[in-house]
Amino acid sequence: MQENHFNQDFFQFLQGSPTPFHAVSSMAGKLRDAGFHQVSETEPWTLAPGNSYFIIRDNGALAAFTLAAKDYQDQGFRILGTHTDSPALQLKPLAGKTSHSFFQLGVEVYGGPLLATWFDRDLSIAGRVVCTTTDNSLSTLLVDFKRPVAIIPSLAINLDREANNGRAINKQNELTPIFSQITGADALNFSSILAEQINKEYPDTQVAAIMGFDLFCYDCQPPSFLGLGNEFIMGSRLDNLLSCFVGITAMTETRADNNRLLICYNHEEIGSITAAGAQGSFLHSILKRIIPDSVSRHRALRGSFFISMDNAHGVHPNFSDKSDPEHMPLLNHGPVLKTNANQRYATTSVSSAIYKTIAAEAGVVTQNFVMRNDMACGSTIGPHTAAILGIPTVDVGAPTLAMHSIREMTGSHDPFLLYKTINRFLTRDHLPQTNG
Ligand SMILES: [Zn+2]
């Protein structure tokens with residue numbers, strides 16, 4: 001696959017994935033096209049060697065795996081892990097409210113967005129809705145308004161002379177998007193608006209009542225190249241849909257006879273302790289069903305290798321004092337290996353050596369990141385998985401700027417460099433071994 005084609009597909013994936021539910025639905029489509037069979041956690045499984053399967057949990061998490069053609073229960077897995085969620089503004093259950101002729105939507109803050117970047121953007125709304133239909137059954141549907149329908153306007157500087165001097169944002173009072181203007185005496189009702197949107201997207205579904213929803217605001221601006229030589233990519237949710245796209249492309253495009261698995265968790269941005277999160281049972285329960293015998297499974301897990309993919313902090317030219325002077329990842333210079341003495345990242349000297357061997361064989365340079373000692377270090381899904389399953393793990397990701405902004409930035413070569421490395425990981429005959 002060529003980088004050009006890869007980036008075009010990536011932009012399409014980003015635009016079609018405004019929420020974790022849409023990202024999972026986009027990935028499921030790609031897996032079906034590539035011949036993966038969907039299996040359900042509530043049904044018995046009959047797995048056949050050499051075949052490929054996928055499972056969706058709670059609409060927002062997905063796992064896909066391919067089994068080796070022979071003795072798959074005696075072999076380790078090459079595992080890729082990512083997360084589908086991004087920081088955002090999520091609608092409250094009773095979202096609609098009226099103020100000074102405006103109809104507004106109450107929101108909660110999901111995860112840790114850079115809130116200032118959410119002002120003055122053309123916002124749309126998308127997510128999951130549960131409704132009853134006229135035959136009285138419950139139905140879960142994905143909706144996406146697709147066009148700008150909401151905005152959080154800034155307060156004019158004339159009304160706040162301190163606006164440029166580090167003004168704090170009150171999350172309860174100042175983040176409520178404007179959704180419409182009320183004309184005449186008619187009050188607006190958000191449930192009716194939602195039912196109308198469902199009828200537009202699903203003409204055959206007759207909604208009786210809206211029973212619940214997980215809806216998010218998102219930025220309508222499509223991803224784009226930027227820079228004199230198109231050397232950068234700008235877009236929403238690069239953290240961590242970039243890694244989801246790399247993972248799903250590698251799983252569907254590469255061919256080799258081995259055990260491999262991709263797990264895309266939801267809820268990383270809010271701590272991962274959920275049924276669809278990395279601290280939940282999802283991966284473990286799948287592996288138990290693939291290899292039911294506990295000793296064989298334990299042996300397979302210890303013979304597995306896990307690449308936890310999540311974006312990394314590139315050095316910011318205006319804030320380079322926020323990076324450790326010896327560890328300053330550059331955009332377009334290769335995926336970043338993340339290390340932390342306190343194991344906030346799961347990388348060890350052994351797993352790092354194995355990863356670097358694979359990357360070098362793919363012709364890809366590895367950059368290194370550690371957080372400064374005088375700043376708090378973030379974390380990823382890597383340490384949870386390493387701890388729960390005992391699989392050797394590395395934390396790796398594309399270097400980015402503006403992480404958790406509504407519009408993030410990476411290099412236009414970075415997604416493909418990560419893909420090349422992952423491709424080598426999935427197709428190498430055997431993984432590099434150490435004598436440890
Ligand atoms: Zn992330």
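Reply: What follows starts with the nonpolar cores and then turns to cysteines, helices and backbone.

This is a predicted model, in which local features need pLDDT of at least 70 and side-chain atom pairs count only at pLDDT 80 or more, while totals for chains, interfaces and linings use all residues. Residues are numbered from 1 along each chain as its sequence is written, and side-chain values use heavy atoms, with hydrogens and water left out.

A nonpolar core here is a set of buried Ala, Val, Leu, Ile, Met, Phe, Trp, Tyr and Cys residues joined through side-chain atoms within 4.5 Å. Buried means under 20% relative accessible area, exposed over 50%, and partly exposed in between, with a 1.4 Å probe and protein chains only. The largest such core has 45 residues, and the members touching the most others are M27, L62, L80, V246, I307, I422 and F425. Helix α4 (residues 238-253) supplies the largest share of this core, 9 residues. Helices (H or I, at least four residues) and strands (E, at least two) are DSSP runs, numbered from the N terminus.

With neighbours within four places in sequence left aside, L80 is in contact (heavy atoms within 4.5 Å) with G247, L261, L262, I263, F306, I307, M309, I422, F425 and L426. Another core, of 37 residues, lies apart from this one and includes L91, Y110, V149 and A150.

In strand β5 (residues 88-99) sits A95, which counts as buried because its relative accessibility is 3%. Beyond four places in sequence, A95 is in contact with Q104, L105, G106 and F190. From A95 to F245 the C-alpha distance is 32 Å, across 150 residues of sequence.

A disulfide is taken as a pair of cysteine sulfur atoms within 2.5 Å, and the structure holds 0 of them. C264 is in none: the nearest cysteine sulfur, that of C244, is 4.4 Å away. C264 is buried, since its relative accessible area is 0%; C131 counts as buried at 0% as well.

Helix α1 (residues 3-15) packs on helix α9 (residues 414-427) at about 110°, with axes 10 Å apart. Axes are lines fitted to C-alpha atoms, for helices over the stretch in contact, and angles run from 0 to 180 degrees between N-to-C directions. Under 35 degrees counts as roughly parallel, over 145 as roughly antiparallel, 65 to 115 as roughly perpendicular and the rest as oblique, so α1 and α9 are roughly perpendicular. At this contact E3, F6, N7 and F10 of α1 meet P415, F416 and Y419 of α9.

Helix α8 (residues 382-389) has G382, P383, H384, T385 and L389 as its buried residues. They pack against β13 (260-265), α5 (282-290), α6 (294-302), β14 (305-309) and β18 (393-397).

Most residues other than glycine have a negative phi, and most peptide bonds are trans. The bond from D239 to N240 is cis, with omega near 15°, and N240 is found in helix α4. N59, not a glycine, has a positive phi of about 65° in the loop between β2 (52-57) and β3 (61-66); at 29% relative accessibility N59 counts as partly exposed.
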